[in-house]
Amino acid sequence: MPQVRRALKDVLAGGTFIVFGLGFAAGSLTYDLGTPVRMGPGYLPLILGLALTGLGVLVIAKGFIADEGEPIGGVDLRAIILVSAALLFFGLTVRGLGVVGALFGASLLAALARSQTSPREALVIAVGLTVLSVVIFIVALQLRLPLVGSWIPL
Amino acid sequence: MELFDNLGLGLETALRVENLLYCLIGVALGTAVGVLPGIGPTATIALLLPITFNFEPVSALIMLAGIYYGAQYGGSTTAILINLPGETSAAVTAIDGHEMAKNGRAGPALATAAIGSFFAGSVATIVVVLFAPPLAAVALTFGSPEFFSLVVLGLVASIALARGSTVKALAMIVLGLLLGTVGADTLGSGTPRFTFGVRELFDGINFVSVAVGMFGIAEILRNLEDEKTRKLVTGTISSLWPTREDFRRMVGPIVRGTVIGSGLGFLPGAGHVLASFGSYSIEKRLSKRKEEFGHGAIEGVAGPESANNAAAQTSFIPLLTLGLPAHPVMALMIGAFIIHGIVPGPSVIEDEPALFWGLIVSMWIGNLFLVLLNLPLIGIWVKMLTIPYKMLFPAIIAFSAIGTFSLGLNAWNVFMIAFFGILGYGLIKLGCEPAPLLLGFVLGPLLEDHLRRALIISRGDLSIFISTPVSAVLLVMAAAAIAISVLPAIRRKREVVFKEEEV
């Protein structure tokens with residue numbers, strides 16, 4: 001259906017809102033709703049969740065009536081995966097490897113997210129960035145983070 | 001006179017050596033991020049928040065404010081030299097500023113921007129001094145129903161002036177409000193909400209992670225999609241000083257731009273963007289040399305630059321007096337206040353006079369620093385433009401990771417950047433602007449708290465929001481803002497304004 005393709009952007013946006021809206025609404029039912037006089041923890045999230053679902057439906061409906069016309073464009077999967085991997089790597093290893101190891105790995109993964117960067121260049125960038133970050137955050141700003149983590153026996 | 005006493009207190013605070021130093025660091029960092037592509041003031045301020053934790057509150061706020069207006073300034077440098085506005089509000093400057101640079105007049109263009117910004121910043125500082133105290137006095141009489149409606153108006157008004165679909169922006173606000181409920185319900189029962197049993201989320205999602213993800217990481221993902229080649233116009237900055245004729249031509253635009261900017265800065269949303277665009281179109285209409293516009297008219301640099309700098313300054317008024325952020329950067333400033341245990345709002349002026357007046361006076365000093373930093377040292381900033389993006393973006397990612405982790409040594413802060421980076425990237429691609437989400441996220445707890453209190457006062461009767469006169473007026477204004485933004489005629493006008501912005 002060509003019409004669906006034209007409205008795809010709005011359908012996806014609206015769909016995202018509906019998923020979040022229903023998710024929050026369903027979740028809020030597991031908490032005490034309370035009464036308007038004594039609002040429980042689930043009261044506002046339920047209302048907002050339903051409102052978001054409604055707005056999501058509106059976004060989709062509007063997409064079929066008057067689409068924005070601009071295509072979504074391509075998605076750089078390599079960048080998304082490697083940038084997230086860099087952040088996850090840092091979060092998972094910063095305690096175990098320490099700041100130096102976690103920073104090096106994260107910088108290397110991040111630098112590789114740009115497809116035109118060669119592995120050699122990425123290695124150089126990662127080494128430079130690790131040194132720079134340690135100087136800025138540990139030496140200059142005195143953040144109390146372990147340089148070497150518990151996984152590495154010294 | 002009380003006003004002079006207050007200004008005296010402000011001067012005393014702002015002129016303390018450490019505060020002068022933080023102000024200088026702030027504007028220098030701000031200029032740097034304004035010049036560098038791919039990282040804006042929102043992400044930078046978010047990243048630096050954890051570091052300011054150990055500062056005195058007034059020093060922290062002086063530095064963060066400096067980053068904000070320094071970035072407005074740096075954005076115009078890149079607009080003039082490489083036709084790439086570092087900041088959205090500098091887009092208008094690029095039209096004539098870059099033409100001037102191509103004609104070999106980059107120096108006078110930069111000087112005009114500097115002079116205009118300094119004049120506008122000085123006048124706008126006085127506007128803040130004059131208007132903030134009376135507004136705060138009014139707001140002090142507000143109760144929970146009024147504050148609830150004020151927050152609603154602030155949220156809704158921020159989208160009426162933004163670009164793109166109103167329905168999507170509304171949805172983004174609601175999504176932000178919902179994400180703001182994650183964590184222990186501290187004001188009510190203490191029940192942990194939507195934490196999936198993750199202990200690290202009991203304190204809620206850290207707003208630094210939300211801001212860095214939505215504005216820093218999402219922007220990187222977008223830039224990696226297609227890398228723009230940057231062409232630098234250099235070697236042409238021979239003489240900085242404008243000619244006598246230039247001076248004569250820039251006076252009118254600077255004064256008019258300052259007035260427009262000071263007025264529009266109060267407005268939530270894209271007040272400073274509207275200000276620079278409005279100033280440009282007025283100068284074009286008033287000019288006897290319309291044909292020069294678009295080909296290097298000095299008026300086209302002087303007016304918008306003054307307007308956007310004045311607006312940047314006066315946008316502090318709603319923050320300092322009502323505790324309402326006009327845009328994402330101001331939302332982060334709220335976070336900075338809260339980190340230091342100060343509730344932003346009308347009582348700041350009474351409870352923390354040294355902080356309030358010191359911050360205001362520091363803005364004027366910061367503007368002076370900007371002129372000194374930018375004109376003689378323009379060569380350094382030009383050098384920064386040559387840092388290749390392949391080195392810049394991994395640095396932003398590494399700094400984001402280490403900066404957010406240092407907030408309570410919580411690895412979930414880092415995971416959340418990745419989550420919000422991908423969510424933000426996806427939503428931006430689908431035509432949803434990230435700013436309303438951040439505003440909703442920051443104001444969510446405030447909204448819930450005032451709703452709860454108001455309903456306790458009224459014994460659960462929702463009509464309290466309409467029977468309280470001030471609250472009713474605020475809600476009517478909010479409804480009008482939505483109605484206006486969906487009216488077809490205004491919609492088209494908005495499209496024009498924001499299309500122009502993307503030039």
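Mentor: Axes are lines fitted to C-alpha atoms, for helices over the stretch in contact, and angles run from 0 to 180 degrees between N-to-C directions. This is a predicted model, in which local features need pLDDT of at least 70, side-chain atom pairs count only at pLDDT 80 or more, and totals for chains, interfaces and linings use all residues. Residues are numbered from 1 along each chain as its sequence is written, chains are lettered from A and ligands numbered from 1 in the order in which they are written, and side-chain values use heavy atoms, with hydrogens and water left out.

Trainee: How are α8(B) and α20(B) set to each other?

Mentor: Helix α8 (residues 166-180) and helix α20 (residues 435-457) of chain B, both DSSP runs (H or I, at least four residues), have axes 7 Å apart at an angle of about 45 degrees. Angles under 35 degrees count as roughly parallel, over 145 as roughly antiparallel, 65 to 115 as roughly perpendicular and the rest as oblique. The two helices, α8(B) and α20(B), are therefore oblique.

Trainee: How does α3(B) run relative to α4(B)?

Mentor: The axes of helix α3 (residues 41-48) of chain B and α4(B) lie 10 Å apart, at an angle of about 160 degrees. That makes α3(B), relative to α4(B), roughly antiparallel.

Trainee: How many nonpolar residues does the contact of α3(B) with α4(B) have?

Mentor: P41(B), T44(B), I45(B) and L48(B) of α3(B) meet M63(B), L64(B), I67(B), Y68(B) and A71(B) of α4(B). In this contact of α3(B) with α4(B), 1 residue is polar, no residues are charged, and the nonpolar count is 8.

Trainee: What is the angle between α5(B) and α6(B)?

Mentor: G97(B), M100(B) and A101(B) in α5(B) meet A106(B), P108(B) and A109(B) in α6(B). The axes of helix α5 (residues 91-102) of chain B and α6(B) come within 7 Å, and they cross at roughly 145 degrees.

Trainee: Which helix gives the largest share of the lining of the largest cavity?

Mentor: Residues lining the largest cavity include Y73(B), L110(B) and N374(B). The elements giving two or more residues to this lining are α4 (57-82) and α6 (106-139) of chain B. The largest share of the lining of the largest cavity is 4 residues, from α4(B).

Definitions and conventions. On a 1 Å grid over the protein atoms alone, a cavity is a set of points where a 1.4 Å probe fits but cannot get out, and a pocket is an open set with protein on both sides within 12 Å along at least five of seven lines; lining residues have an atom within 4 Å of a point. Contact means heavy atoms within 4.5 Å. Ala, Val, Leu, Ile, Met, Phe, Trp, Tyr, Cys and Pro count as nonpolar, Asp, Glu, Lys and Arg as charged, and the others, Gly among them, as polar.
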